[in-house]
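Take a slow look at the model below.

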Amino acid sequence: MQKRRLGSSGMEVSALGLGCMGMSFGYGPAKDEQEMVSLIRAAIELGVTFFDTAEVYGPFTNEELLGKAFSPFRKQVVIATKFGWHIENGKQAGLNSRPEHIKAVADASLKRLNTDVVDLFYQHRVDPNVPIEEVAGAVKELIQAGKVRHFGLSEAGVQTIRRAHAVQPVTALQSEYSLWWREPEAEIIPALEELGVGFVPFSPLGKGYLTGKIDESTPFDPNDFRNTVPRFTPEARKANRALVDLLGSIAERKGATPAQIALAWLLAQKPWIVPIPGTTKRHRLEENVAAASVPLTEGDLRDIESAASRIKVQGHRYSESAQRMIDR
Ligand SMILES: NC(=O)c1ccc[n+]([C@@H]2O[C@H](COP(=O)([O-])OP(=O)(O)OC[C@H]3O[C@@H](n4cnc5c(N)ncnc54)[C@H](OP(=O)(O)O)[C@@H]3O)[C@@H](O)[C@H]2O)c1
């Protein structure tokens, strides 16, 4: 697969990464560990070098899974993980980005990931109780100690990114971005371009919706977090069908799939954008990886833009409590 650089950091990764969250967390029960180890190794064979996890996925089990999968392949891959939660009795219990906590999490993550350095260490959510300068300072010290290579933020607003970047250059912002969540285009993407910060869109397939494989009657496991997302009520799924139909019509003329068009559209936005689609299935991994070879022409992009601009997406992307964690 082609490689991309995340902003001006020089950090080189495959044009598409692999989001590993759903293997352990978020979308129903954790998947079989051995199968997921094989899936991750298949991704490496297909040229994926960029893998996304977090302390809180599980919690902890997703990092452990990556630690197992990478043991013979550590030098070939770039591992991104995240800190920033207080975890109590195996549950997220608020935010915690106090410097001493960040350092303790780094040590614990290194152990679980079975490595001596985390390539990219993101703050998962901005902690309103800890000035971002202190967070950046803690990560800077981890970089100086050789435990971390690069600093990242997730769902941070422009002012937070600028303040953090002034203390420790930010290599990448990881925030939601896709054809059905385009808010980053207004202020975030121009600021990232100005600062030379790379962009890693999470949920690039709209948490599965943009692939066309989910309709209003698709059942979710009771533990699937999409049950709490207003954009996934049966009414919203029905109302948002126009977006999937648009992707389907472009896919048909390109001999591709809707998922591939959703990913190719993101790749076409900027050369320093690296989406991290998540899947737990080998055939979908292959389909998603192949999206890096689906070129969209100026005409395709114009058609997508003009059709998308006429579609008003229904439903918030997060529940109210999850939305309160977003820095703006
Ligand atoms: N920073 C943050 O706050 C944050 C938040 C959310 C996610 N993330 C990261 O971003 C990664 C990706 O986001 P995401 O998993 O939320 O959403 P996503 O990548 O947009 O979608 C994943 C969903 O789509 C399905 N899927 C994947 N490829 C498909 C295909 N070709 N056809 C049909 N269905 C397909 C998957 O199901 P199957 O497994 O059944 O294929 C899964 O349910 C996560 O793994 C995580 O690492 C970060």
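**Around the ligand**

A nitrogen atom of the ligand is 3.3 Å from an N or O atom in the side chain of E287. This is a predicted model. Taken alone, the ligand exposes 910 Å², and the protein buries 93% of that. G19 uses its backbone instead. A polar backbone atom of G19 is 3.4 Å from an oxygen atom of the ligand.

Which residues come nearest to the ligand? There are 31 residues around the ligand, and Y27, D52, T279, T280 and K281 come nearest. Ten of its residues are nonpolar, twelve are polar and nine are charged. Helix 10, residues 282–290, gives the largest share of this shell, with three residues.

Seven of them form an open sheet, in the order 3-4-5-8-9-10-11, and the pairing is parallel. Strand 3 (18–19) and strand 11 (198–202) are the edge strands, and each pairs on one side only. What holds paired strands together? Strands of a sheet pair through backbone hydrogen bonds, either parallel or antiparallel.

Look at strand 5, residues 78–83. Is strand 5 mostly covered or mostly open? Strand 5 is mostly covered, with six of its six residues buried. Both of its faces are covered. V78, A80 and K82 are buried on one side, and I79, T81 and F83 are buried on the other.

One is strand 4, residues 50–52, which pairs with strand 5 in the parallel sense over three bridges. D52 takes part here: its bridge partner in strand 5 is A80. D52 is also among the residues that come nearest to the ligand. The path from strand 4 to strand 5 includes a helix. Strand 4, helix 2 (residues 61–70) and strand 5 make a right-handed β-α-β unit.

The other neighbour is strand 8, residues 118–123, which pairs with strand 5 in the parallel sense over four bridges. K82 has Y122 as its bridge partner in strand 8. Strand 8 then pairs with strand 9, residues 148–154, in the parallel sense over five bridges. There, F121 has F151 as its bridge partner in strand 9.

Most residues other than glycine have a negative phi, and most peptide bonds are trans. Some places in this model depart from that pattern.

Start with the peptide bond from G58 to P59. This bond is cis, with omega near 0°. P59 lies in the loop between strand 4 and helix 2.

Next comes N89. Its phi is positive, about 50°, although N89 is not a glycine. N89 lies in the loop between strand 6 (85–88) and strand 7 (91–95). Is N89 buried or exposed? N89 counts as exposed because its relative accessibility is 75%, and the cut-off for exposed is over 50%.

Finally, turn to E155. E155 is not a glycine either, yet its phi is positive, about 55°. E155 sits in the loop between strand 9 and helix 5 (158–167). Its relative accessible area is 1%, so E155 is buried. The cut-off for buried is under 20%.

Note on methods. Residues are numbered from 1 along each chain as its sequence is written. This is a predicted model: local features need pLDDT of at least 70, side-chain atom pairs count only at pLDDT 80 or more; totals for chains, interfaces and linings use all residues. Side-chain values use heavy atoms; hydrogens and water are left out. A residue is near a molecule or strand if one of its heavy atoms lies within 4 Å of it. A polar contact is a pair of N or O atoms within 3.5 Å; within protein, one must be able to donate a hydrogen and the other to accept it, and residues adjacent in sequence count only if both atoms are side-chain atoms. Accessible areas come from the Shrake-Rupley method with a 1.4 Å probe; for residues, only the protein chains shown count as cover. Helices (H or I, at least four residues) and strands (E, at least two) are DSSP runs, numbered from the N terminus. Ala, Val, Leu, Ile, Met, Phe, Trp, Tyr, Cys and Pro count as nonpolar, Asp, Glu, Lys and Arg as charged, and the others, Gly among them, as polar. Buried means under 20% relative accessible area, exposed over 50%, partly exposed in between (1.4 Å probe, protein chains only). Two strands pair if DSSP finds at least two bridges between them. A crossover is right-handed if, with the strands pointing away from the viewer, the path from the first strand over the helix to the second runs clockwise.
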